[in-house]
Amino acid sequence: MASNILGKISKERTISAVIIVIAALASILPGGIILGAVLYVISIIGFLELTKACKVRESHKPNALEIVGVVAVTCYYLTLYFIQDILYSVMIILLTMIAMMFVYVFCFPKYHATQVMNAYFALIYAPIMLSFVFLTRQLENGIYLVWMIFISSWISDTFAYLTGVMIGRHKLAPVLSPKKSIEGSVGGIVGAALFGALFGAYMNNTLGETQYVIILAVVGGVGSVISQVGDLAASAIKRNHEIKDYGKLIPGHGGIMDRFDSVIFTAPITYFLILILMYGHG
């Protein structure tokens with residue numbers, strides 16, 4: 001019975017992973033409004049998963065804080081695509097905090113300060129950080145560089161898992177994630193750096209340039225470290241709130257936050273590392 005259940009879960013995870021990869025290709029390759037729309041939907045779902053997990057809402061219906069958040073995410077992504085000015089994006093993020101405080105003050109004592117802080121945290125954590133996938137795709141040669149986000153997260157996770165299974169002995173975070181090992185973590189970092197270097201060699205050959213190998217190896221290695229922190233952070237939040245998964249949207253994986261936890265962390269880091277290492281500015 002147990003083996004049948006595990007087999008079913010493994011099959012579901014594999015099918016879901018294949019669908020996710022196909023969806024990623026179908027949205028990232030064309031980029032533009034298609035990628036922006038996909039990220040917008042994912043961000044809204046991730047935001048609501050987080051607000052639910054962090055007890056921002058106390059019923060099944062979205063409350064005023066969540067509505068403010070959804071409106072803010074909508075305005076943010078519209079600005080990101082149509083205006084493409086960082087000042088307007090920052091303005092929306094700051095105005096959202098003020099709007100949430102309006103709700104807090106004029107509905108007092110309906111909402112606790114913790115709910116307001118968690119709602120704003122959820123806004124930054126999922127929608128804002130995930131938007132850097134779009135921003136990376138918008139860079140020069142972004143159609144190639146954006147894949148470093150996934151190399152730093154999903155490829156790193158694969159190498160970490162395989163290394164941990166083969167030689168993992170020492171626990172990385174025994175209380176938070178007993179199955180993760182230091183050896184697996186190092187394997188993930190090395191694997192992502194190696195894969196980044198190979199991808200850089202491919203870009204050099206494709207674009208006729210020479211700067212990508214070392215830069216993308218660094219991006220992959222650093223991104224892997226951040227990716228693992230993102231994975232553990234998402235797990236810590238679930239442990240704090242005593243939930244197994246953030247949702248049930250993706251069979252075998254859970255919710256958006258369960259599948260994209262590491263991507264959310266690696267997206268902004270990848271973007272800024274590329275700006276600094278490749279273009280010499282932030």
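## The largest pocket

Arg-13, Asp-157, Ser-177, Lys-180 and Asp-231 lie nearest the centre of the largest pocket, which has 49 lining residues. This is a predicted model, in which local features need pLDDT of at least 70 and side-chain atom pairs count only at pLDDT 80 or more, while totals for chains, interfaces and linings use all residues. Residues are numbered from 1 along each chain as its sequence is written, and side-chain values use heavy atoms, leaving out hydrogens and water.

A pocket here is an open set of points on a 1 Å grid over the protein atoms alone, where a 1.4 Å probe fits, with protein on both sides within 12 Å along at least five of seven lines; lining residues have an atom within 4 Å of a point. The volume of the largest pocket is about 1,800 Å³, counted as the space filled by probe spheres set on the points. Helix H8 (147–167) is among the elements that supply at least two lining residues each, and H8 gives the largest share, 10 residues. By class, the lining holds 15 nonpolar, 18 polar and 16 charged residues.

## The second largest pocket

What does the lining of the second largest pocket contain, by class? There are 18 nonpolar residues, 2 polar ones and no charged ones. This pocket holds about 340 Å³ of space. Its lining has 20 residues, with Ile-20, Ala-23, Val-38, Ile-42 and Phe-260 nearest the centre. H1, helix H2 (32–53) and H11 each supply at least two of the lining residues, and H1 contributes the largest share, 7 residues.

## The nonpolar core

The largest nonpolar core has 70 residues, and Tyr-125 and Ile-264 have the most contacts inside it. H11 provides the largest share of this core, 12 residues. Such a core is a set of buried Ala, Val, Leu, Ile, Met, Phe, Trp, Tyr and Cys residues joined through side-chain atoms within 4.5 Å, where buried means under 20% relative accessible area and exposed over 50% (1.4 Å probe, protein chains only).

Leaving out residues up to four places away in sequence, Ile-264 touches Tyr-125, Ala-126, Met-129, Leu-130 and Met-257. Contact means heavy atoms within 4.5 Å.

## A look at Gln-84

Now for a residue in a loop: Gln-84 sits between helix H3 (64–83) and helix H4 (86–106). Helices are DSSP runs (H or I, at least four residues), numbered from the N terminus. Gln-84 counts as exposed because its relative accessibility is 53%.

A polar atom of the Gln-84 side chain lies 3.0 Å from the backbone oxygen of Tyr-81. Beyond its neighbours within four places in sequence, Gln-84 is in contact with Thr-79 and Gln-138.

Terms used. A polar contact is a pair of N or O atoms within 3.5 Å; within protein, one must be able to donate a hydrogen and the other to accept it, and residues adjacent in sequence count only if both atoms are side-chain atoms. Ala, Val, Leu, Ile, Met, Phe, Trp, Tyr, Cys and Pro count as nonpolar, Asp, Glu, Lys and Arg as charged, and the others, Gly among them, as polar.
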